[in-house]
Amino acid sequence: HLPVATHVDGLEWKRSKWSPLGKRYYHLSESLAVRWSDAIIADAQGIADYYREQFDVRSELISYGAPIVAPDTDKLAELGLEAGKYHLVVARFEPENNVHLMVDGYTRST
């Protein structure tokens, strides 16, 4: 059989943006994905813990992020950036990500 690895991006069925039918669909899909996959991939320790606690399934943790660059390196200069002179937000424009609060916080801080 062809091996299947599944990354279920968070607990969609808990998000308020979905109708009750949508939540049931996502919850069922999560259950089937866990049951029918050869490997489960989690992007956060909390999700890995959830799979273990709810389904008794071990998952591979592949976290988002990047290595921390020491302030005394030339990496920022190589990119044409000056330390402390920029802000970076990486997020989807989803209501629960509160991007508007980040923008508001930034504008208030300047």
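Colleague: Which residues does Ser59 touch, not counting residues up to four places away in sequence?

Modeller: Ser59 touches Ile40, Ala42, Ala48 and Tyr51. Contact here means heavy atoms within 4.5 Å. This is a predicted model, where local features need pLDDT of at least 70 and side-chain atom pairs count only at pLDDT 80 or more, while totals for chains, interfaces and linings use all residues. Residues are numbered from 1 along each chain as its sequence is written, and side-chain values use heavy atoms, with hydrogens and water left out.

Colleague: Where is Ser59 found?

Modeller: In the loop between H2 and S3. Helices (H or I, at least four residues) and strands (E, at least two) are DSSP runs, numbered from the N terminus.

Colleague: Is Ser59 buried or exposed?

Modeller: Buried, because its relative accessible area is 13%. The cut-offs are under 20% for buried and over 50% for exposed, with partly exposed in between (1.4 Å probe, protein chains only).

Colleague: On to the sheet. In what order do the strands come?

Modeller: The order is S1-S2-S3, in an open sheet with parallel pairing. Two strands pair if DSSP finds at least two bridges between them. S1 (5–7) and S3 (60–61) stand at the edges with a single partner strand each, so one side of each has no neighbour in the sheet.

Colleague: How many bridges join S1 to S2?

Modeller: Three, and S2 covers residues 39–42. Ala5 has Ala39 in S2 as its bridge partner. Thr6 stands opposite Ile40 in S2.

Colleague: What packs on the sheet?

Modeller: Helix H2, residues 45–55, which touches S2 and S3. Its direction makes about 145° with that of S2. Axes are lines fitted to C-alpha atoms, for helices over the stretch in contact, and angles run from 0 to 180 degrees between N-to-C directions.

Colleague: New topic. How many salt bridges does a search of the whole structure find?

Modeller: Five. A salt bridge is a side-chain nitrogen of Lys or Arg within 4 Å of a carboxyl oxygen of Asp or Glu. One of them joins Arg15 and Glu12 at 3.0 Å, N to O. Arg15 counts as buried because its relative accessibility is 19%. Glu12 is buried too, at 14%.

Colleague: Which residues are linked in a network of salt bridges?

Modeller: Asp49, Arg52 and Glu53. The side chains of Arg52 and Asp49 meet at 3.1 Å, N to O. They are three residues apart in helix H2, so about one helical turn separates them. Arg52 is partly exposed at 43%, and Asp49 is partly exposed at 22%.

Colleague: What about Glu60 and Arg58: what do their side chains meet in?

Modeller: A salt bridge, at 2.6 Å, N to O. Glu60 is partly exposed at 39%. Arg58 is exposed at 63%.

Colleague: What is the phi of Asp56?

Modeller: Positive, about 55°, although Asp56 is not a glycine. Asp56 lies in the loop between H2 and S3. At 69% relative accessibility, Asp56 counts as exposed. Asn98 also has a positive phi, near 55°, and is a residue other than glycine. Asn98 is found in the loop between H3 and H4. Asn98 is partly exposed, at 32%.

Colleague: Which residues form a nonpolar patch on the surface?

Modeller: Leu79, Leu81, Tyr86, Leu88 and Val90, with about 570 Å² of accessible area together. Patches are made of residues with over 30% relative accessible area and no salt bridge: like charges are joined within 9 Å, nonpolar side chains (Val, Leu, Ile, Met, Phe, Trp, Tyr) within 5 Å. Areas come from the Shrake-Rupley method with a 1.4 Å probe; for residues, only the protein chains shown count as cover.

Colleague: Where is Tyr86 found?

Modeller: In the loop between helix H3 (75–78) and helix H4 (99–109). Tyr86 is partly exposed, at 40% relative accessibility.

Colleague: Last one. Leaving aside neighbours within four places in sequence, which residues is Met102 in contact with?

Modeller: Val89 and Asn97. Met102 lies in helix H4 and is partly exposed at 34%. Met102 and Val89 are 13 residues apart in sequence and 8.2 Å apart in space, C-alpha to C-alpha.
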